[in-house]
Amino acid sequence: MFHLPFPVQDANASRGDQPFGDLPEWNLDDLYTGEDAPELKRDLDWLEQACASFANDYEGKLDTLDAAGLLDCIQRQERINQVAGRIMSFAGLRYYQLTTDAGRAKFMSDCQEKITNYTMPLVFFTLELNRLDDNHLGNAMSVNEDLARYKPIFDKIRAMKPYQLSDEMEKFLHDLGVVGDAWERLFDETIAGLEFEIDGEPLNIEGTLNFLTDPVREKREAAARELADVFGDNIKTFARVHNTQAKGKEILDRWRGMPTAQTGRHLSNQVEPEVVEALRNAVVAAYPKLSHRYYELKRKWLGLDRMQVWDRNAPLPMEDPRTVGWDEAEKTVMDAYNAFDPRMGELAQPFFKKGWIDAGVKPGKAPGAFAHPTVTDVHPYVMLNYLGKPRDVMTLAHELGHGVHQVLAAGQGEMLSSTPLTLAETASVFGEMLTFRKMLDGAETPAQRKVMLAGKVEDMINTVVRQIAFYDFECKLHDARRGGELTPEDINALWMSVQAESLGPAFDFMDGYETFWAYIPHFVHSPFYVYAYAFGDGLVNALYSVYAEGAPGFEDKYFDMLKAGGSKHHKELLAPFGLDASDPKFWDKGLSMISGFIDELEAMES
């Protein structure tokens with residue numbers, strides 16, 4: 001089923017009326033000019049006919065195709081994916097701009113239903129492909145280089161072969177998928193519609209979360225308590241969403257015979273379970289030398305006997321609380337990208353100039369930030385919720401890295417351009433690191449350097465430690481749900497079981513913090529997505545070490561890696577750099593960069 005996945009990570013009046021300068025807004029005309037665009041109707045009509053004719057031409061016949069026939073079949077499927085992806089990208093991006101608008105929600109839902117219905121006849125394709133004899137497929141690829149290009153796609157599809165259900169059941173599940181999306185929409189609309197109030201000012205969730213980084217401790221506490229109160233008032237809804245999604249996944253996994261709740265994600269990510277387990281174990285073992293040690297330093301800097309949860313993202317006392325204007329943010333990131341390689345700057349520039357970024361915080365806009373690749377014959381779109389903080393500059397660098405990666409990978413075509421989640425964070429985290437190093441080199445005083453290092457450590461802890469704690473929470477949640485319905489209190493307890501372990505002994509936890517699982521979108525939209533952040537951070541830390549050591553030809557190898565998109569396995573992509581993610585010591589290399597930054601911060605104290 002085609003849908004716009006809730007992408008990943010980090011919104012708020014209209015242009016020009018914020019203190020950040022003129023914030024860019026999306027121009028979606030490169031997709032369609034509006035709901036009533038004749039091109040949109042044309043594409044929907046074409047899609048309906050193309051899916052029907054595809055099924056008529058190929059259903060029950062895949063095993064009779066020669067290499068040229070199979071190539072034509074794959075390329076027709078790819079074109080269908082492209083048109084369906086374009087339609088859903090347009091509908092989804094408009095919806096994320098204003099999730100509280102009933103018209104946009106209806107339009108996206110209607111598009112989803114049409115595409116689900118149109119593509120129903122295509123379900124046979126992967127099922128029949130998995131019934132092909134290995135030798136038949138291998139021989140076809142051996143005589144046709146163009147067909148052999150698609151081997152990574154065949155491998156990914158055929159990895160699901162042991163878990164494939166009957167044709168009738170697979171068609172039923174395809175049809176039912178649109179109902180599952182309704183729970184995701186309920187979550188999105190509930191989150192976007194939450195109303196908070198601090199000092200008499202009405203706020204949405206993004207504005208309220210922003211107060212957790214306020215220099216005034218009382219405001220941070222007020223925000224944390226307001227979040228807890230509002231989450232508490234809505235906790236039954238969030239518990240219902242999580243219970244239903246987790247139960248639905250358990251049923252599907254059981255019917256497919258998947259051994260664990262995580263198996264589907266690992267297959268999708270094309271990563272071996274033991275590699276993820278090695279990553280998870282390395283990070284958990286490093287909690288004491290990473291988060292525990294850092295937060296003890298931060299407790300001293302803040303002059304506190306005990307840290308409270310609202311102090312976790314507090315600015316440091318020596319930090320300059322200035323607001324970073326949009327023009328400065330753009331220049332900072334572009335300078336860093338150009339310093340690495342002018343080719344990266346050329347790829348990033350159109351995002352700022354052509355309406356490919358939507359930066360402002362607006363009522364009803366989806367929280368967080370993401371880069372959506374749309375389809376390979378258009379371009380990506382970046383969404384931010386820019387509030388002028390230094391970390392917002394890093395978020396811009398991060399999402400722009402995604403965008404550059406997606407532009408480069410587009411040359412692989414619709415089926416091969418998309419990377420698994422574990423590799424999707426490569427360019428984004430690398431872009432962040434380039435921007436950070438550029439800013440760090442420009443530090444004029446030891447205090448500035450200290451603030452930058454501490455900020456980077458916090459970001460890395462949030463990316464590595466916090467996401468692995470999230471992963472452990474999800475593992476516990478899905479395991480517990482197999483034993484029956486979970487009350488809100490049950491889910492709260494699972495959440496708290498990972499928080500103290502990951503954050504360390506410096507913290508106390510206020511009443512109400514146990515509900516803070518409720519607003520994390522990845523738990524609902526993409527179960528077990530979160531470990532990809534830690535995977536990407538560890539991978540990039542190791543990759544950056546190779547770059548910093550002056551490895552010859554690094555830039556060209558790096559661009560080649562991004563251009564490969566999803567056409568190569570992580571082992572093959574990392575080999576030119578002398579790296580191997582399946583080596584348990586690989587993760588220690590990445591984690592040592594974080595602990596090295598903490599070493600430098602501790603040395604500054606003495």
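Ile 357 stands opposite Val 382 in β6. Strands here are DSSP runs of E, at least two residues, and helices are runs of H or I, at least four, both numbered from the N terminus. Residues are numbered from 1 along each chain as its sequence is written. This is a predicted model, where local features need pLDDT of at least 70, side-chain atom pairs count only at pLDDT 80 or more, and totals for chains, interfaces and linings use all residues, while side-chain values use heavy atoms, leaving out hydrogens and water.

Back to the strands. β4 and β6 (residues 381-383) run parallel, joined by two bridges. Two strands pair if DSSP finds at least two bridges between them. The whole sheet is open, with three strands in the order β4-β6-β5 and mixed pairing. Its edge strands are β4 (357-358) and β5 (370-372), each pairing on one side only.

What lies across β4, β5 and β6? Helix α17, residues 390-409. Helix α17 runs at about 15° to β5. Axes are lines fitted to C-alpha atoms, for helices over the stretch in contact (heavy atoms within 4.5 Å). Angles run from 0 to 180 degrees between N-to-C directions.

Now the cysteines. How many disulfides are there? Zero, counting a disulfide as two cysteine sulfurs within 2.5 Å. Cys 51 is buried, at 0% relative accessibility. Cys 73 is also at 0% and counts as buried. Buried means under 20% relative accessible area, exposed over 50%, partly exposed in between, with a 1.4 Å probe and protein chains only.
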